[in-house]
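My notes are kept in the order of the look-ups.

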Amino acid sequence: MKQTDSLSPPPASFADRLGIPAPLFWGFVGLLFFMIGDGVEAGYLAPYLEGHGTSAGNTALLFTIYGVTVSISAWLSGPLSDLWGPKRVMWIGLAIWAVFEVIFLACGIAVNSYPIMLLAYSLRGLGYPLFTYGFLVWIAAATPPRQLGSAAGWFWFAFSGGLPTLGSLFASFAIPVIGEMATFWSSLGMVVFGGLLALLLTREPTGSQRLAAPGTPAKEIFFSSISILWREPKTFVAMVVRTINTSSEYAFLVIMPTFFTKVIGFTLSQWLQLLSIVFLSNILVNLFSGISADKFGHREVVAFGGGIGAAIMVPAFYYVPQMFPGNFMIAAIVGALYGASLAAFVPLSGLVPQICPKEKAAALSALGLGAGASTWVGPAIVTWFESWHGVEGIIWIFSGLYVASALMTMCLTISPEARRYLKKISEREKQKRAAAAAARGDIAEELSLSKQS
């Protein structure tokens, strides 16, 4: 056996060829099922509550407080992963979701108790970000820099594929068959199944370890996840960009149903179909943009595909359907391009860990905070500015914000120090792979000699 044979790298696995880190494959599969379960209620919880006596104001309050707890939990996922390890954080997130979902359904919805619903649903909001963003931290910690863009794309593919797309689709088929209440309970089963699939079958060792340096006190870990915003100003910029990313999406959920049904002339069913097309496009391009970032650069994809693309497509989503009133196909094409432009922001999740390679969890916490903030920033812009120039004024505010996000993204460069650190990590990985290949070669040679003897 030649020496070069023993050092040759093993053939790439199916997961690696897809751009998924092979040791984390089942984590991605489990994440998809978890988010399908989480998204089951997305399309019908609000009308269900209002149809059973909960006022529109109380329903809005329920979702607002839920959004706040989601934001807090998204931030906490980083420092807690540093402190306890991502896998433990995911276990905690799964447990919180399951326990408070049971309370929400059995003690809240079943007996129509609004105080219990408000408390349980709000606390349940702590669960899914700990699970999902804990897994994102795990991905950042265990994935080679060369593969981070693709891995981030697959993460958001699984995330948005479940919530709201496949979750709502599942509910649309389940409700006529088993009823609304049973469909709520089925979401619990889906979440638990996905969570256990990810946690029991994913054995990559990094996720089970504390990510912070041994001896680092908890107070310092939590403070660093906030102080990184001014110690590393680029993480603050990335947080703002991430907030802008999906803020228009949440604003459009408020203003666009009326616009398309009253102004464009679509039926409610057509609007829901259009919304599904927007999300489907977003899911597919989530994956494509992550893979593209590994080839063409993270900043370039985010700035031009995301910032400039969305700055163009937001006004197009408003004006083009007015040029072709009632034409669903034209609206669907423009909506799909709008959804694609939002997906082009995905490489931020791969870029930020490279900007701060020594504090990946803290840096991703900033992104999580931005993602959570977008859930209320978008509707807040509607509240503050709709009386200014109506929907048209809001459209141009978002277009301007996306141009600003493109300019900010171009400032997100990787410092020479961070590049040197990443290069060291890459060299260590190569040495480990070479050593593993050499070990396999030695074993194969020993087996060959033993057979000959």
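Predicted model: local features only at pLDDT ≥ 70, side-chain atom pairs only at ≥ 80, totals over all residues.

The entries below cover helix packing and then salt bridges.

**Entry 1: α8 against α9.** I looked up the geometry of helix α8, residues 127–142, and helix α9, residues 148–178. Their axes lie 10 Å apart, and the packing angle is about 165 degrees. Angles over 145 degrees count as roughly antiparallel, and α8 is therefore roughly antiparallel to α9. I recorded the crossing of α8 and α9 as right-handed.

**Entry 2: residues in that contact.** Which residues of α8 meet α9? From α8 I listed Tyr128, Thr132, Tyr133, Phe135, Leu136, Ile139 and Ala140. Their counterparts in α9 are Leu148, Ala151, Phe155, Trp156 and Phe159. By class, I found 11 nonpolar residues in the contact of α8 with α9, one polar and no charged.

Entry 3: I then turned to charged pairs. Side chains of opposite charge can pair when their charged atoms come close.

**Entry 4: Arg124 and Asp38.** Arg124 belongs to helix α7 (residues 114–124) and Asp38 to helix α3 (residues 25–39), so the bridge ties together parts that are 86 residues apart in sequence. Are these two residues buried or exposed? With the limit for buried set at under 20%, Arg124 is buried because its relative accessibility is 1%. Asp38 is likewise buried, at 3%.

**Entry 5: Glu101 and Arg124.** Arg124 also forms a salt bridge with Glu101, for which the closest N and O atoms are 2.7 Å apart. This pair links distant parts of the chain, with Glu101 in helix α6 (residues 86–109) and Arg124 in helix α7, 23 residues apart. I recorded Glu101 as buried, with a relative accessible area of 0%.

**Entry 6: the network.** I checked which residues are joined through such bridges, and found Asp38, Glu41, Glu101 and Arg124 linked in a network of salt bridges.

**Entry 7: Glu417 and Lys358.** The last pair I looked up has its closest N and O atoms 3.9 Å apart. Glu417 lies in helix α18 (residues 416–452), whereas Lys358 lies in the loop between α16 (348–355) and α17 (360–409). The two residues are 59 residues apart. Lys358 counts as exposed, at 58% relative accessibility.

Definitions and conventions
Residues numbered from 1 in each chain as written. Heavy atoms only, no water. Axes fitted to C-alpha atoms, helices over the stretch in contact; angles between N-to-C directions. Helix = DSSP H or I, 4+ residues; strand = E, 2+ residues; numbered from the N terminus. Parallel < 35°, antiparallel > 145°, perpendicular 65-115°, else oblique. Left-handed = near helix turned anticlockwise from the far one by under 90°. Contact = heavy atoms within 4.5 Å. Nonpolar A, V, L, I, M, F, W, Y, C, P; charged D, E, K, R; others polar. Buried < 20%, exposed > 50% of the residue type's maximum accessible area, 1.4 Å probe, protein only. Salt bridge = Lys/Arg side-chain N within 4 Å of Asp/Glu carboxyl O.
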